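Here is a short walk through the structure shown below. Keep the 3D view open as you read.

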Amino acid sequence: MTRTAALALGDDALVLSHRLGEWAGHAPVLEEEVALANIALDLLGQARTLLSMAGDEDELAYLREERAFTNTQLTEQPNGDFAHTIARQLYFSVYQHLLYAQLAAGNGPFAPLAAKAVKETAYHRDHAEHWTLRLGDGTEESHRRMQHALDALWRYTGELFEPVEGVAVDWAALREDWLTLVGGTLREATLTLPQGPQGDAWTAGAGRQGIHTEPFGRMLAEMQHLHRSHPGASW
Amino acid sequence: MTTTVPHTATPEAVFDAAVAADERIEPRDWMPDAYRATLVRQIAQHAHSEIIGMQPEANWITRAPSLRRKAILMAKVQDEAGHGLYLYSAAETLGVDREELLDKLHSGRQRYSSIFNYPTLTWADVGAIGWLVDGAAITNQVPLCRCSYGPYARAMVRICKEESFHQRQGYELLLALSRGTEAQHAMAQDAVNRWWWPSLMMFGPPDEQSAHSGQSMAWKIKRHSNDELRQRFVDICVPQAESLGLTLPDPALRWNEERGHYDFGPIDWDEFNEVLRGNGPCNAERLAQRRAAHENGAWVRDAATAYAAKHATAHQEDRA
């Protein structure tokens, strides 16, 4: 049970960290080179702790195939433009912050990790919320791009609230709080909460069962290529 | 500056006395125009090198072969962006701004270190960059911690600490490969073969051809000549290569008892000049990626500016 849960939460962090790592050298300002790498590193740290709870971190990261990864589809979505990256960050970091706050308050196997991660995710959330405000309430173009990104990624948010076996949180409350927080930020940013309740729309919610979107396989091919080319080698 | 000089002294005399006494020149102090211009050129080029230098290493972030190595590499690339930020701030104390400097980088009017025009073709290149390129950078930069211009010297103290850390990590990466499988060892040797000579070129042209050296040394911006630093670097690297179990690609490399230094073979200055002229393997790609990042990010920067302006207005209205 702990293994299933550690893999689910660990894969989310691993995969999103990888996506953020793709921004290195491409960010719109130098300060964002630092910020995005910083967030990627925090997530990679979380992933390493979680995967180590489930087994050998490198074996799990580099030698599983696509169907064995249990990250949510939201985290594997390609970076797109900066607005897409920020929308993905907003949806995920608010979720992760609420999740870890609950886990940190409990005394389950994830409480020690969550106590540290909740501080990191508070920073990630702050970063995403501030950029949502700047892009939403910035120029006409940035507003349009941000709304488009929020709409495009909305369908991947439903899956975040599917209970994960072994993660002892109140999922219904998590979803409600998430909607309130994200909705509040979007209102302040002059943006509209995307239409359609997540649960009723086609939510593409099978990442936890190892059903992923097409770009994910290519991401893994790149990530795993070198490790797989040298079986048994240590680095 | 705290040197005691008569009230009647000219600004030049005050400046010269401070430099002679090994004191720091600070942003509000008078300084010769040429001193200011040299520092702007050098600090900007240094900042640009940090930013362009992210690219060859970032090239391997998504392919790093273990999570530990991936974390180390991400942290390093993040540090480089941070070093760029310190250095642009140091340059800004001289009356230029970051936008203007970036514009000069993007239009090719200011340079960055020639080394970053070489490609990272294998994972071992990440280690070779850490060991050799960062090693050469440190050899160059440690004396800059005593540079006469205060903001630059202080930036270098922070940067050198982090660079030394990166250099050790690069060495350790190569050591793991060198002691690993046959294929890993070969990968490490190949990377060292490709990065050795370009690293020696990082110290700049030979002393007799170095345009800025004399004046920079007189102003105590530079403390040692290009050739002196290059020799120091070779002397440090040879025993390190031995303990790595790797060879350096120079048949002329041997200990010279008389000089107390290693002799080494001739550097291909034609190659160096071609790279400086923009004809190195990756010059076009590096600049194109940097420009693209800047251009694709324009709407993001515009949004931040527009938001800040609206926000400032809203605050004023609140107060009214």
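Helices here are DSSP runs of H or I with at least four residues, numbered from the N terminus. With that in hand, take the largest pocket. H2(B) gives the most to its lining, with six residues. Keep in mind that this is a predicted model.

How much space lies in the largest pocket? About 1,200 Å³. The lining is made of 45 residues. Closest to the centre of the pocket are B:Gln42, B:Gln45, B:Asn140, B:Met202 and B:Gly204.

Helix H2 (33-52), helix H6 (124-141) and helix H7 (150-178) each supply at least two lining residues. So do helix H9 (213-218), helix H10 (226-244) and helix H11 (269-279) of chain B.

Now turn to chain A. Find helix H1 (residues 2-21) and helix H5 (residues 82-105) of chain A. Their axes come within 12 Å and cross at roughly 150 degrees. Angles over 145 degrees count as roughly antiparallel, so H1(A) is roughly antiparallel to H5(A). The crossing of H1(A) with H5(A) is left-handed.

Which residues of H1(A) meet H5(A)? They are A:Leu9, A:Asp12, A:Leu16, A:Arg19 and A:Leu20. On the H5(A) side, the partners are A:Thr85, A:Arg88, A:Gln89, A:Phe92, A:Tyr95, A:Leu99, A:Tyr100 and A:Leu103. The residues of this contact divide into eight nonpolar, two polar and three charged.

Methods. Residues are numbered from 1 along each chain as its sequence is written. Chains are lettered from A and ligands numbered from 1 in the order in which they are written. This is a predicted model: local features need pLDDT of at least 70, side-chain atom pairs count only at pLDDT 80 or more; totals for chains, interfaces and linings use all residues. Side-chain values use heavy atoms; hydrogens and water are left out. On a 1 Å grid over the protein atoms alone, a cavity is a set of points where a 1.4 Å probe fits but cannot get out, and a pocket is an open set with protein on both sides within 12 Å along at least five of seven lines; lining residues have an atom within 4 Å of a point. Grid points are joined across faces, edges and corners, and a volume is the space filled by probe spheres set on the points. Axes are lines fitted to C-alpha atoms, for helices over the stretch in contact, and angles run from 0 to 180 degrees between N-to-C directions. Angles under 35 degrees count as roughly parallel, over 145 as roughly antiparallel, 65 to 115 as roughly perpendicular and the rest as oblique. A crossing is left-handed if the near helix is turned anticlockwise from the far one by less than a right angle, and right-handed if clockwise. Contact means heavy atoms within 4.5 Å. Ala, Val, Leu, Ile, Met, Phe, Trp, Tyr, Cys and Pro count as nonpolar, Asp, Glu, Lys and Arg as charged, and the others, Gly among them, as polar.
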